[in-house]
Amino acid sequence: MDRNQLIKWLEAPAKMGHKYSLHAVYFCTGCGIIEVPPSITARWDAERFGVLPTASPRQANLFLITGYVSVKTLKAIIRTYEQMPEPKYTVGFGSCPINGGMYWDSYNTIKHLDKYIPIDGWIAGCMPRPEAIFVAVTHLWTLIDKDMADGYKRYRKYYSQYRANQEKVLLGLEWPPLFPIEAG
Amino acid sequence: MRIVWLFLSPLIALVAGVLLLGLSRKIMARIHWRYGPPLLQPVIDIIRLFSQRSASHGILFDLGIVVSLAGSLIITLFLPFGNIAPLSGSGGMLVILYMMLIGPLGIALSGGESGNPNASIGISRNLMLAIGYEVPLLMVLLAVMTRYGTISIVEIVRVQQASTWSIASWPLVVSGLAYLLVMPAMLGFRPFEVVQAPQEISSGPMVEYGGSYLALVSIQHALSLYITISLFVNLMLGGSGNIVIFLFKMLVVFVLFLFVNAVFPRFRIEQAVRYLWRWPTLIGLIGLVLVALVGR
């Protein structure tokens with residue numbers, strides 16, 4: 001904790017708590033997850049930034065989508081995302097969640113992940129180095145500070161559109177809507 | 001004055017427990033050759049968790065945590081803390097023996113309500129481990145009670161202050177050894193980290209807790225760390241007439257078991273119970289027989 005930020009802590013303790021205690025849900029998709037073990041262990045030590053993997057989505061507030069998302073994985077991602085308590089932040093890791101990457105013409109891969117769940121930031125590259133995770137984390141701090149990491153608010157606001165997109169690609173969802181969907 | 005300490009001593013226990021949690025993360029990081037999180041990281045986590053939205057799973061889910069937290073807060077009143085002992089004159093060791101089971105029991109009630117299979121496995125492991133360490137612990141406590149002829153912890157601390165620490169006196173050294181062997185299980189440290197086991201059963205009973213529920217569980221965890229170590233210091237290391245020396249003794253014991261935690265992998269549950277019912281129980285039984293033979 002920086003001593004210069006004491007005023008900020010007293011003004012908005014909740015916001016500072018969200019900034020410096022980002023617990024990431026340990027959810028593996030694609031090849032990007034191979035960069036996560038080195039970044040949480042001795043070599044790069046994500047814990048000094050307050051980033052820690054948790055085993056359960058209920059305890060987490062950061063969701064790293066680490067690599068290409070197949071249609072089948074998307075269903076698990078949506079369920080995990082909806083289980084996380086608000087406020088929650090999502091970061092797309094690698095070029096595949098951004099636009100499909102090297103799977104740009106695959107029939108079974110999601111090309112634009114932000115059509116299905118809201119994304120707060122992207123890490124470009126194939127693969128991004130573990131340092132890029134920390135650049136993303138510090139950037140996420142700035143976004144949280146300026147109230148710009150508002151993915152969970154967007155999800156609530158445009159839920160009917162997100163839900164329609166999800167149902168379109170997954171051919172129907174077997175769970176009820178998270179938020180009430182207004183008619184029309 | 002006594003009323004003030006009645007309110008102040010759970011607060012001190014809470015602060016000490018949370019600082020111990022932060023210190024444990026820092027020390028573990030240094031053993032792994034990492035820089036580690038700031039010392040106040042558990043405080044930041046708790047602030048974050050309290051400000052998050054959380055989902056309840058029923059009335060028992062809410063009440064179980066409250067029961068567990070209340071049980072832990074009450075024990076802190078019965079434990080002498082340096083020269084301060086708000087209620088320990090009236091309670092003694094038997095009250096603590098009863099109340100110590102309320103912590104895991106409350107978590108079990110609350111986690112069972114969530115209906116998650118991982119939580120059920122975690123709860124069954126938690127209670128099995130509790131049965132595992134309660135048997136040797138009971139023998140150790142019986143030996144201490146027989147040796148000093150009293151159930152009052154204040155009295156036991158006073159006798160130790162006058163003569164020597166229990167762990168350094170002749171027949172009780174055997175019981176002290178048994179107590180040292182069960183301490184990692186009581187603290188939930190490796191090699192007995194079977195209850196949470198994040199890699200196996202995704203943090204066990206805690207799997208469905210989020211937001212303020214998880215914050216209360218972490219506070220309860222901090223308190224239970226404080227209670228376990230403080231009981232050891234009072235019974236075996238002679239307590240203290242001074243708060244600072246008492247906290248220093250607690251710190252030494254905590255760091256010692258943290259080193260054990262850092263280098264060991266995890267037992268399976270049946271290995272843990274087999275170990276607990278073999279070596280600490282055997283040594284505790286020998287200690288009890290020795291105390292009974294040598295007498296007071």
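This is a predicted model: local features need pLDDT of at least 70, side-chain atom pairs count only at pLDDT 80 or more; totals for chains, interfaces and linings use all residues.
Local features require pLDDT of at least 70 and side-chain atom pairs count only at pLDDT 80 or more, whereas totals for chains, interfaces and linings use all residues. Residues are numbered from 1 along each chain as its sequence is written, with chains lettered from A and ligands numbered from 1 in the order in which they are written.

The largest nonpolar core holds 83 residues. Such a core is a set of buried Ala, Val, Leu, Ile, Met, Phe, Trp, Tyr and Cys residues joined through C-beta atoms within 7 Å. A buried residue has 20 or more other C-beta atoms within 10 Å of its own, with C-beta atoms placed from the backbone. B:V182, B:Y226 and B:F232 touch the most other members. Helix α10 (residues 212–235) of chain B gives the largest share, 16 residues. Helices are DSSP runs of H or I of at least four residues, strands are E runs of at least two, and both are numbered from the N terminus. A second, separate core of 39 residues includes A:F49, A:V51, A:I123 and A:V137.

In helix α7 (residues 153–162) of chain B, B:I153, B:I156, B:V157 and B:Q160 are buried. They lie on the same side of α7(B), because their arc around the axis is only 100 degrees, taken from the directions from the helix axis to the C-beta atoms.

Strand β3 (residues 62–66) of chain A is largely enclosed by the rest of the structure, because five of its five residues are buried. A:L62, A:L64 and A:T66 cover one side, A:F63 and A:I65 the other.

Terms used:
A residue is buried if 20 or more other C-beta atoms lie within 10 Å of its own, exposed if 12 or fewer, and partly exposed in between; C-beta atoms are placed from the backbone.
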